[in-house]
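Please look over the sequence and the model shown here before reading on. The text goes through selected parts of the fold in turn.

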Amino acid sequence: MNERPILFSPPMVKAILAGQKWQTRRIVKPQPDGIRPSVFVESGLEDLHGREIRATYGKPGDRLWVRETFTINAFDQVLYKVDFTTRGEETSGMGWKSPYHMFRQYSRILLNLEAVRVERLQDISPSDCRAEGMQPESELSLLWRDDVRTKYRILWDDLNAKRGYGWDSNPWVWVLTFEQVKP
């Protein structure tokens, strides 16, 4: 079993902690021309030209430790920005550090990787949008499926469009299904 770091935005950290997120999509790099459907080996997959694309985030049974925005106070306590923003507290001037600088020992969220697959981004189902942490405005509405897909599309574009992987480009993505490891 290997452990690897993974970065999540504050709203997604909040969703993981609330038990509302158990799946994430990450861009396959480099983007293949296509995927050979039945070829997924332990270390990755093959594109239509037989080139191997490494599974960056691991395989089922591996663990992912979450990097998030944090700081260390004068008492050597690790504080997480999402906890303060959830409570509506002022967070400026607290010396927040980028998640990229988080060491493993400061991570409070450990995820057990249960499944890894590859698909085109726009193939996401409404139930997978829910697994991604999207909550419908109303469970009673017959439009909840469109609601969560629209929310996911907006979130995806906020995080990825500037990098050239917007919703409309329909990139290949790793689909990681995980379970939070309870302490």
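Predicted model: local features only at pLDDT ≥ 70, side-chain atom pairs only at ≥ 80, totals over all residues.

Residues are numbered from 1 along each chain as its sequence is written, and side-chain values use heavy atoms, with hydrogens and water left out.

Start with helix α1, which spans residues 10-17. Helices (H or I, at least four residues) and strands (E, at least two) are DSSP runs, numbered from the N terminus. The residues of α1 that are buried are Met12, Val13, Ala15 and Ile16; buried means under 20% relative accessible area, exposed over 50%, and partly exposed in between, with a 1.4 Å probe and protein chains only. These residues lie on the same side of α1, because they cover an arc of only 160° around the axis. The arc is taken from the directions that run from the helix axis to the C-beta atoms. Against the buried residues of α1 pack β6 (63-67), α2 (81-86), β9 (110-120), α4 (144-160) and β10 (172-180), where contact means heavy atoms within 4.5 Å. After α1 comes Gly19, with a positive phi near 75°.

Two strands count as paired if DSSP finds at least two bridges between them. Strand β2 (residues 23-27) pairs with β10 in the antiparallel sense over five bridges, and Ile27 has Val173 in β10 as its bridge partner. β9 also pairs with β10 in the antiparallel sense, over nine bridges; here Val118 has Trp174 as its bridge partner in β10.

Next is Glu132, in the loop between α3 (126-131) and α4. Glu132 counts as buried, at 2% relative accessibility. Its side chain reaches the backbone nitrogen of Arg25 at 3.0 Å. Leaving aside neighbours within four places in sequence, the contacts of Glu132 include Met12, Gln23, Arg25 and Tyr152.

Finally, Val78 lies in strand β8 (residues 78-80) and is partly exposed, with a relative accessible area of 23%. Not counting residues up to four places away in sequence, Val78 touches Phe70, Thr71, Ile72 and Tyr106. Between Val78 and Val13 there are 16 Å in space, C-alpha to C-alpha, and the two are 65 residues apart in sequence.

Definitions and conventions. Polar contact = N/O pair within 3.5 Å; in protein donor to acceptor, adjacent residues only side chain to side chain.
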